[in-house]
Protein chains: 2
Amino acid sequence: MKEIELQYRKLGNLVKANAKSDDVIELIMKIHKNCLDFISDYQRTDLISKIQGKNYFVFKSNGKQSRAVNSELFVQNYEFAESVVNSIIKNDFKKTNPEEITKALYSIAISFCSSIDLLKRGDQKTPGTYFEYFVTHWFAKMLQINPRKQVDVLNLDMSTSLPTDCIFDLGTNRPKIHLPVKTSTRERVIQVWAHQRVLDGVYGTGRFLGFLVCLSETKVDHVRMEVVEICLPDQWRLYQMFIAQMKRIYYLDVPTRYLTLNEIFPPIHVRPFGEFFYEIGGLVEGRETKL
Amino acid sequence: MKEIELQYRKLGNLVKANAKSDDVIELIMKIHKNCLDFISDYQRTDLISKIQGKNYFVFKSNGKQSRAVNSELFVQNYEFAESVVNSIIKNDFKKTNPEEITKALYSIAISFCSSIDLLKRGDQKTPGTYFEYFVTHWFAKMLQINPRKQVDVLNLDMSTSLPTDCIFDLGTNRPKIHLPVKTSTRERVIQVWAHQRVLDGVYGTGRFLGFLVCLSETKVDHVRMEVVEICLPDQWRLYQMFIAQMKRIYYLDVPTRYLTLNEIFPPIHVRPFGEFFYEIGGLVEGRETKL
């Protein structure tokens, strides 16, 4: 499947040139079609799920295995994803809903990541970078602005630039967006809050809204064929209390244990990514739109 | 060299049981002797140094190469390290000095890391863990107390434990020590300041003194045979201003560009690790002992 890799490289160039362009999602959909073709040659093998209420499988063949795929979220049907994506492109959000969007975008992302798992064992970088392109496109599309990868720091006698995750500058008197993207977080997630803290310190608290977008937190034991979710909710609470405040944490496959963080102190709003499309307009205007 | 690996595993058990014990340094010295023997079979090949005022070589044989070794700091002589270490064990700090200690401890650490580079290509974990044992021992020895790996958080209605780097609890009304240890830092170093910030937030600013100890920041291009230092001084300044304050940053092979941070705002005290032995007593009593 040389084609997927070539398309992936082309995607990188497109995103760097103009992340908000519809060319980006058109290419992503071509890649998605190729990935669905590719994984259709593999068998689904159910995993023993240690995660309450969620079922997972892997794509498997000749000793090769993909990452865990959520059985309820994954729709192995190109037309479904295409129809949902078309509604988003046309800004026709009444034709679809957060659940459908989450499923469609999950299916697009996980089919690529699984294909790379099967094509290039041990390659974590390609899925991670692809997922960053994918999420960056949706933010750029919805905000109608392209991102930057660093911000200038002018701080009395200090002048430097701070390399960051994606930054979206909505212009004077509007908030700016700080967008870290990770396929999964594990122990490195403290970086996300720390970067937010630096932005708060340099530019003023609240000037940057922090949005973390993740794919999932599953971990597979490929010998026992078991899947678990790695979650550290108490540590997130400490980070949210003592380092900085993230505005939203979106997942395509939300870990159940993180959902409970919505209900307790400090508030950490963890949501399925589909909800982003319905609330981002309000959030950048300072309105908390509860769905 | 099965023996080095066996001794390394034994070292882990010793450090976990009683990090401050002299058994630890005795075993480290046995390992050091074995590593010196092992690397004596390899040729030194000079690297093209892109670092002003510093020269480096690698140990090389049959296409295998070690990491960069600082020619001025590395003393390939067991008796030198033994004599310096004996002065430390006997608390006889007048018999040696910070420069000698830095050289001796650099030689001990880099001979092990280089041996592992040559024995197990791509193994980053073993050198990292060994270096953690090594530095933990010196802190435990000098503070005369063993470390912990997590601290309890009791925060109104929240009760959890925070997994951390090494923590040394000197008892009531004395500061506690937060000790992250890294062979090199790169972009992950923001974690160190973020952990310090959480400790400041949970326990009160200044309650924990943060000491980061690193081996070096060299990076080798093994094809071009060039060595560079990866330094991000402006980012460190932002972290020190906006996340938390680290008390000291010690290096066995101090990057020159970080040394300049001692001279500008915000103060970041970056020092050769040898100085630790002469100032730690004062620092925990709240005295800034300038050497």
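Predicted model: local features only at pLDDT ≥ 70, side-chain atom pairs only at ≥ 80, totals over all residues.
Visitor: Why is Arg224(B) called exposed?

Guide: Its relative accessibility is 56%, and exposed means over 50%. Arg224(B) therefore counts as exposed.

Visitor: What makes Asp221(B) partly exposed?

Guide: The value for Asp221(B) is 31% relative accessibility. Buried would need under 20%, and exposed over 50%, so Asp221(B) counts as partly exposed.

Visitor: Why is the pair of Arg224(B) and Asp221(B) called a salt bridge?

Guide: The closest N and O atoms of Arg224(B) and Asp221(B) are 4.0 Å apart. The rule asks for a nitrogen of Lys or Arg within 4 Å of a carboxyl oxygen of Asp or Glu, so this pair is counted.

Visitor: What makes Glu229(B) and Lys54(B) a salt bridge?

Guide: Here the N to O distance is 2.5 Å, and the cut-off is 4 Å, so the pair qualifies. Glu229(B) belongs to strand 12 of chain B and Lys54(B) to the loop between strand 2 and strand 3, so the pair ties together parts 175 residues apart in sequence. Both residues are buried.

Visitor: Which residue does Lys54(A) pair with in a salt bridge?

Guide: Lys54(A) pairs with Asp253(A), with the closest N and O atoms 2.9 Å apart. Both Lys54(A) and Asp253(A) are buried.

Visitor: How many salt bridges cross the interface of chain A and chain B?

Guide: The rule finds zero there, while the count over all chains is 32. Two residue pairs are in polar contact across this interface.

Conventions: Residues numbered from 1 in each chain as written. Chains lettered and ligands numbered in written order. Heavy atoms only, no water. Salt bridge = Lys/Arg side-chain N within 4 Å of Asp/Glu carboxyl O. Polar contact = N/O pair within 3.5 Å; in protein donor to acceptor, adjacent residues only side chain to side chain. Buried < 20%, exposed > 50% of the residue type's maximum accessible area, 1.4 Å probe, protein only. Helix = DSSP H or I, 4+ residues; strand = E, 2+ residues; numbered from the N terminus.
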